[in-house]
Amino acid sequence: MPRPMRLSSADDVRDNLTGLPGMAGAASWFARHQTEYVHAMLIGLHRFRTVNLAYGHAGGDSVLAEIARRIADFTAEELEADALVARVGGGEFLVASSGAISRERWQWLAEALTRHISRSLPMRGDELHLVPRTALLRGLPGEDGAALIDRLDQALGTLQQQTGRRLLWADGSHRARGRSAARLEADLIGAMARDEIGLVFQPQYAVAGGLLVGVEALARWDHPQLGRMGAETLFAIAERGDHVTQLSRHIARKALSIAAAWQEQLALSLNVTAEDLANDRFAMDFTDLLEAMGFSPARLTLEVTEHALVADFARSSEALAELAGLGVRIALDDFGTGYANFRTLKALPLDTIKLDASLLRDVDTDNRDRAILTAIVAMARALGLKLVCEGVERESQLAVLAEEGCDTFQGFLRSGPVGADEIAALI
């Protein structure tokens, strides 16, 4: 997935564990946006210290790093490039945006982010489910950043003492009025029926030569009242109403239809969800879809994260192997985030591993990160796997990838996600 770890541009020393700005970076961001309306949320991991007690500080640190990545990925997907993601405490993270966002949409984003963070975390044979508490706030132009953060912190403290409640507006108001969850689910079903779910495509380029070699399809929904929603929020809404498989199928059908019309046989990547793999008919139904669309299996890559495999690894592996037998390529997404293991690499019919942007962030400046990349490249070559590198933003990063012999890259250095017409023009 093309989700670079977006950082504030503030001149702040990054947190060594997560790579995010700290409190000073957050203060600098608020100062730059003091004349604007700002929406902010403070996310706290409830009783996180029990993780440290159960798994030690090393285990707790790995969980924090993964949570930070999930928050940064979500923010990059759903908000503007200058949105703030910062770590402001042991298990506390701050997200802020100066974009035009309704109060209702900010609350939905918070709920979607909560679900994204709450997904299972593999930990030494166990599965953790951390459900955060989130304080929300809409600041007025001219309000001091420190005061806003203090209000959020007080609200989060109140929330941590309450049972069952997950969100609280720091201004003391009630939940945002407007569309209920059921109404939004109905809106989504109607949008699929009217073909209103749009797609953008993240270009993928060959490291050697820079030619366009493929694209990754990503869903977008321009809700008439709430504005644009990215894939994470879309699937969060679908999950509440058990419509994930329907939404995933809708996106796949639309992406295959668009890509089939391109003159060149450009490779297409689609993301696979845990709900897809839990369906006994997934491989059969997807085979029928490819045949119905007249789309060559050899042009398609299905991207799967380890999270999507957790529920039933054996069944997931069997379904993916069936599709791989047709010529579909299978990619392990988000590799390098700390949980992919050699059992996964051995058991799945993999063609590609996608290196997460967080792994490559400092590969051009940190010798240890470079050494890790060298080791991963050697492992991939030994296993006959291709390497796709996500989140490439600097020429110096690309130069390292070329020297190490990586295959493909994607990121804002060349292009962010674009529309189908722009892909046709690039071809």
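In which hand does α14 pass α15? I looked this up in a predicted model, where local features need pLDDT of at least 70, side-chain atom pairs count only at pLDDT 80 or more, and totals for chains, interfaces and linings use all residues. Residues are numbered from 1 along each chain as its sequence is written, and side-chain values use heavy atoms, without hydrogens and water.

**Helix pair**

I found that α14 passes α15 in a right-handed crossing (the near helix is turned clockwise from the far one by less than a right angle). Helices are DSSP runs of H or I with at least four residues, numbered from the N terminus. The axes of α14 (residues 367-383) and α15 (residues 395-404) come within 10 Å and cross at roughly 40°; axes are lines fitted to C-alpha atoms over the stretch in contact, with angles from 0 to 180 degrees between N-to-C directions.

**Second largest cavity**

I then turned to a cavity, a set of points on a 1 Å grid over the protein atoms alone where a 1.4 Å probe fits but cannot get out; lining residues have an atom within 4 Å of a point. The second largest cavity is lined by Met41, Phe74, Thr75, Leu79, Val95, Trp106, Leu109 and Leu113. Helix α3 gives the most to this lining, with three residues.

Conventions. On a 1 Å grid over the protein atoms alone, a cavity is a set of points where a 1.4 Å probe fits but cannot get out, and a pocket is an open set with protein on both sides within 12 Å along at least five of seven lines; lining residues have an atom within 4 Å of a point. Helices (H or I, at least four residues) and strands (E, at least two) are DSSP runs, numbered from the N terminus.
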